[in-house]
Amino acid sequence: MPTPVILDVDTGVDDALALLVAARHPDLELLGVSCVAGNVSLDRVVENTLRVLAAAGRSDVPVAAGAQRPLIESPRAATVHGTDGLGGVELAPSPRQVESEHAVEFLRRTILASTEPVTLVALAPQTNLALLLRMHPEVIDHVDRLVFMGGSASVGNATAVAEFNVWHDPEAAAIVLDSGVPAYMYGLDVFNAVAVEEYHAARLAASDEPLARVVGALLGNRVSSSHGGEPEYSGLIGDAGAVCSLVDPDALGTRLLPVHVELAGRARGQTVVNLRGRPGEDLAHGLVVDRVPVEVALTVDAPRLAGVFLDSLGLPRS
Ligand code: BDR
Ligand code: CA
């Protein structure tokens, strides 16, 4: 039986790739999509999401609009997805309209209506999910687990130590990780490894097949180099890797580890992952309390997961 999933997105080039996989993989039943401000404004996220689902031939999937801004701070769009969020890739408008109810109500209704516990896949700042879990904690028993793209056990991207989704709304991520929902972290440690080679993306972009063209164009989005100069090809499948982890979990190596979201100072938005094998002085002296552990993906067979991505979309691996 396919796994029932709901995606929470801020579409976004790589959210678009993730939506395409979730919409088309036979092992996944995409119950709906909730949108939140992040990579771009909420209106733009909703429009992009509707268009991507239409490109996937899945305009039947309901889409709901949620939070326009983080819980506390002002929204700060990402610079790496271009002003339209899709890196300039033009998609046809969708025949479908966004749902009339707020994403939080949509999530509550859809989760409770599912006959099987739902897997929540968070690919964006976790504002919608924090509001859901605070307003409607009754959903927790109906959620199988949360798989989230966010955080890092090593380097950051939005700041030296913080990953964008957690950095954009750290309070929301802290609420969600403390909610009691079993969590799986697909962070930058694996996110930054899974890519499609440039020659292959270019070949897809030049294909006669419409879906291949869209995927190739999205992968071809170039981002500014950290060293300045010309924008560089990365070919990362990004958020789509978190969705692929649902269908091929053995492609990743994980450990159950305490994760704390830092809320103050220069490290605000950092996910502090306790990788130590034994208690340190902080625990011995009662200075910190380790939270419920999170399953953290630390290693990935990157070619294997990239292969799952291409297979899911019916695209050649080379
Ligand atoms: C995350 O931030 C966004 O830019 C991407 O869509 C991804 O979800 C990576 O840090
Ligand atoms: Ca995203």
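In this predicted model, helix 1 (residues 13-24) and helix 2 (residues 42-55) pack with their axes 9 Å apart and at an angle of about 40°, where helices are DSSP runs of H or I of at least four residues, strands are runs of E of at least two, and both are numbered from the N terminus. Axes here are lines fitted to C-alpha atoms, for helices over the stretch in contact, and angles run from 0 to 180 degrees between N-to-C directions. Helix 1 is therefore oblique to helix 2, given that angles under 35 degrees count as roughly parallel, over 145 as roughly antiparallel, 65 to 115 as roughly perpendicular and the rest as oblique. The crossing of helix 1 past helix 2 is right-handed, a term used if the near helix is turned clockwise from the far one by less than a right angle, with anticlockwise giving a left-handed crossing. On the side of helix 1, Ala16, Leu19, Leu20 and Ala23 meet Thr49, Val52 and Leu53 of helix 2, contact being defined as heavy atoms within 4.5 Å. By class, this contact of helix 1 with helix 2 comprises six nonpolar residues, one polar residue and no charged residues; Ala, Val, Leu, Ile, Met, Phe, Trp, Tyr, Cys and Pro count as nonpolar, Asp, Glu, Lys and Arg as charged, and the others, Gly among them, as polar.

Residues are numbered from 1 along each chain as its sequence is written, and chains are lettered from A and ligands numbered from 1 in the order in which they are written. Local features need pLDDT of at least 70 and side-chain atom pairs count only at pLDDT 80 or more, while totals for chains, interfaces and linings use all residues, and side-chain values use heavy atoms, with hydrogens and water left out.

Helix 1 also packs against helix 9 (residues 210-219), at an angle of about 150° and with the axes 9 Å apart, so that helix 1 is roughly antiparallel to helix 9. The crossing of helix 1 and helix 9 is left-handed. Val13, Ala16, Leu17, Leu20 and Arg24 of helix 1 meet Leu211, Val214, Val215, Leu218 and Leu219 of helix 9, and the residues of this contact divide into nine nonpolar, no polar and one charged. In a further pair, the axes of helix 3 (residues 103-113) and helix 4 (residues 127-135) cross at roughly 60° and come within 9 Å, in a right-handed crossing. Helix 3 contributes Ala103, Val104, Glu105, Leu107, Arg108 and Ile111 to the contact, and helix 4 contributes Asn128, Leu129, Leu131, Leu132 and Met135; eight of these residues are nonpolar, one is polar and two are charged.

The calcium ion (ligand 2) is coordinated at 2.3 to 2.6 Å by Asp10 (OD), Asp15 (OD), Asp15 (OD), Leu123 (O) and Asp239 (OD), where donors are N, O and S atoms within 2.8 Å of the metal (3.2 Å for Na, K and Ca) and, since water is not among the atoms, sites may look incomplete. The donor residues of this calcium ion follow the sequence spacing D-x4-D-x107-L-x115-D. Asp10 counts as buried because its relative accessibility is 0%, and Asp15 is likewise buried at 0%; buried means under 20% relative accessible area, exposed over 50% and partly exposed in between (1.4 Å probe, protein chains only). A cis peptide bond, with omega about 0°, joins Thr11 and Gly12, and Gly12 is placed in the loop between strand 1 (3-9) and helix 1. Most peptide bonds are trans.

Ala124, in the loop between strand 4 (118-122) and helix 4, is buried with a relative accessible area of 0%. When residues up to four places away in sequence are not counted, Ala124 touches Asp8, Val9, Asp10, Val36 and Asn165. The C-alpha atoms of Ala124 and Cys35 are 8.6 Å apart in space, although the two residues are 89 residues apart in sequence.

Helix 10 (residues 240-247) is mostly covered, with seven of its eight residues buried, namely Ala240, Gly241, Ala242, Val243, Cys244, Ser245 and Leu246. Asp248, in the loop between helix 10 and strand 9 (252-257), counts as buried at 13% relative accessibility. Beyond residues up to four places away in sequence, Asp248 touches Arg304, Leu305 and Val308. In strand 12 (residues 294-300), Ala297 is buried with a relative accessible area of 0%, and its C-alpha atom is separated by 7.0 Å from that of Gly187, 110 residues apart along the chain.
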